[in-house]
Amino acid sequence: MAYDPRMNYDPTRKLTDGDVMDLKPEGWYGDAGKLFRDFTFPDFRTGMAFAVRVAEQAEARGHHPDIHVHYHNVRVNFFTYDAGGVTRQDIDAAYAVNGLAQEEA
(Lines give C-alpha, C1' and ligand atoms only; values in the text may rest on other atoms or scores of the structure.)
Protein backbone atom coordinates (compact mmCIF):
# COMPACT_ATOMS: atom_id res chain seq x y z
CA MET A 1 0.00 0.00 0.00
CA ALA A 2 1.44 3.37 -1.01
CA TYR A 3 1.66 6.28 1.37
CA ASP A 4 -1.61 8.20 1.35
CA PRO A 5 -1.30 11.85 2.48
CA ARG A 6 -4.90 11.73 3.74
CA MET A 7 -3.58 9.44 6.51
CA ASN A 8 -1.66 12.44 7.90
CA TYR A 9 2.09 12.51 8.30
CA ASP A 10 3.16 9.80 10.71
CA PRO A 11 6.95 9.41 10.80
CA THR A 12 6.64 6.25 12.88
CA ARG A 13 4.45 4.37 10.36
CA LYS A 14 6.52 1.47 9.07
CA LEU A 15 6.36 1.27 5.29
CA THR A 16 5.87 -1.95 3.40
CA ASP A 17 8.66 -3.22 1.15
CA GLY A 18 6.56 -2.11 -1.82
CA ASP A 19 6.19 1.39 -0.36
CA VAL A 20 9.95 1.61 0.11
CA MET A 21 10.61 0.50 -3.47
CA ASP A 22 8.08 3.04 -4.81
CA LEU A 23 9.22 5.97 -2.67
CA LYS A 24 12.99 5.55 -2.29
CA PRO A 25 15.22 8.12 -3.98
CA GLU A 26 17.52 7.29 -6.85
CA GLY A 27 20.55 5.23 -5.88
CA TRP A 28 19.04 3.86 -2.65
CA TYR A 29 18.25 0.22 -1.89
CA GLY A 30 15.95 -1.47 0.58
CA ASP A 31 17.18 -4.68 2.20
CA ALA A 32 16.33 -6.42 5.47
CA GLY A 33 14.01 -3.58 6.48
CA LYS A 34 16.65 -0.88 6.01
CA LEU A 35 17.21 1.83 3.46
CA PHE A 36 20.82 2.31 2.38
CA ARG A 37 23.12 3.81 -0.22
CA ASP A 38 26.84 3.60 -0.90
CA PHE A 39 28.68 6.75 -1.94
CA THR A 40 32.20 6.67 -3.42
CA PHE A 41 34.61 9.60 -3.26
CA PRO A 42 38.05 10.19 -4.77
CA ASP A 43 39.83 9.95 -1.41
CA PHE A 44 39.41 9.40 2.33
CA ARG A 45 39.30 13.10 3.22
CA THR A 46 36.42 13.81 0.83
CA GLY A 47 34.48 10.79 2.08
CA MET A 48 34.95 11.86 5.70
CA ALA A 49 33.87 15.42 4.91
CA PHE A 50 30.69 14.02 3.35
CA ALA A 51 30.06 11.78 6.38
CA VAL A 52 30.39 14.81 8.68
CA ARG A 53 27.93 16.79 6.54
CA VAL A 54 25.46 13.90 6.69
CA ALA A 55 25.87 13.82 10.49
CA GLU A 56 25.30 17.57 10.77
CA GLN A 57 22.19 17.37 8.61
CA ALA A 58 20.91 14.40 10.63
CA GLU A 59 21.39 16.31 13.88
CA ALA A 60 19.45 19.27 12.48
CA ARG A 61 16.64 16.95 11.31
CA GLY A 62 16.60 14.98 14.56
CA HIS A 63 16.77 11.70 12.62
CA HIS A 64 20.10 9.89 12.64
CA PRO A 65 21.37 7.26 10.21
CA ASP A 66 24.10 4.71 10.70
CA ILE A 67 27.13 5.98 8.78
CA HIS A 68 29.94 3.61 7.83
CA VAL A 69 33.21 4.89 6.35
CA HIS A 70 35.65 2.57 4.62
CA TYR A 71 38.49 4.52 3.03
CA HIS A 72 36.75 6.52 0.26
CA ASN A 73 33.39 4.71 0.51
CA VAL A 74 30.57 5.91 2.75
CA ARG A 75 27.44 3.84 3.41
CA VAL A 76 24.41 5.57 4.91
CA ASN A 77 21.68 3.37 6.47
CA PHE A 78 18.30 4.61 7.59
CA PHE A 79 15.97 2.64 9.86
CA THR A 80 13.44 3.89 12.39
CA TYR A 81 13.91 1.70 15.45
CA ASP A 82 10.66 2.78 17.12
CA ALA A 83 8.69 1.65 14.06
CA GLY A 84 10.78 -1.46 13.42
CA GLY A 85 11.54 -0.57 9.81
CA VAL A 86 11.68 2.13 7.19
CA THR A 87 9.30 5.08 7.60
CA ARG A 88 8.49 8.14 5.52
CA GLN A 89 10.93 10.04 7.76
CA ASP A 90 13.73 7.73 6.49
CA ILE A 91 12.68 8.31 2.89
CA ASP A 92 12.70 12.09 3.39
CA ALA A 93 16.12 11.96 5.06
CA ALA A 94 17.50 9.85 2.19
CA TYR A 95 16.35 12.50 -0.29
CA ALA A 96 18.12 15.13 1.83
CA VAL A 97 21.35 13.07 1.80
CA ASN A 98 21.09 12.84 -1.99
CA GLY A 99 20.96 16.63 -1.99
CA LEU A 100 24.24 16.73 -0.08
CA ALA A 101 25.79 14.29 -2.55
CA GLN A 102 24.71 16.53 -5.45
CA GLU A 103 26.53 19.43 -3.80
CA GLU A 104 29.70 17.29 -3.66
CA ALA A 105 29.53 16.51 -7.39
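How many nonpolar, polar and charged residues does the lining of the largest pocket have, by class? The lining has 4 nonpolar, 4 polar and 3 charged residues; Ala, Val, Leu, Ile, Met, Phe, Trp, Tyr, Cys and Pro count as nonpolar, Asp, Glu, Lys and Arg as charged, and the others, Gly among them, as polar.

The model is predicted: local features need pLDDT of at least 70 and side-chain atom pairs count only at pLDDT 80 or more, whereas totals for chains, interfaces and linings use all residues. Residues are numbered from 1 along each chain as its sequence is written, and side-chain values use heavy atoms, with hydrogens and water left out.

The largest pocket holds about 180 Å³ of space. Of its 11 lining residues, R37, F39, N98, A101 and Q102 are the closest to the centre. Helix α3 supplies the largest share of this lining, 4 residues. Helices (H or I, at least four residues) and strands (E, at least two) are DSSP runs, numbered from the N terminus.

The largest nonpolar core has 19 residues, of which W28, L35, F39, F50, V76, F78 and V97 touch the most other members. At least two core residues come from each of β2 (34–40), α2 (44–61), β4 and α3 (88–104), and α3 gives the largest share, 6 residues. Contacts of F50 (heavy atoms within 4.5 Å) include F39, V74, V97 and A101, not counting residues up to four places away in sequence.

Strand β4 (residues 73–78) also pairs with β3 (residues 66–70) in the antiparallel sense over 5 bridges; pairing requires that DSSP find at least two bridges. D66 stands opposite N77 in β4. The hairpin has 2 residues between the strands, and Y71 takes a positive phi near 55°.

Technical notes: A nonpolar core is a set of buried Ala, Val, Leu, Ile, Met, Phe, Trp, Tyr and Cys residues joined through side-chain atoms within 4.5 Å. Buried means under 20% relative accessible area, exposed over 50%, partly exposed in between (1.4 Å probe, protein chains only). On a 1 Å grid over the protein atoms alone, a cavity is a set of points where a 1.4 Å probe fits but cannot get out, and a pocket is an open set with protein on both sides within 12 Å along at least five of seven lines; lining residues have an atom within 4 Å of a point. Grid points are joined across faces, edges and corners, and a volume is the space filled by probe spheres set on the points.
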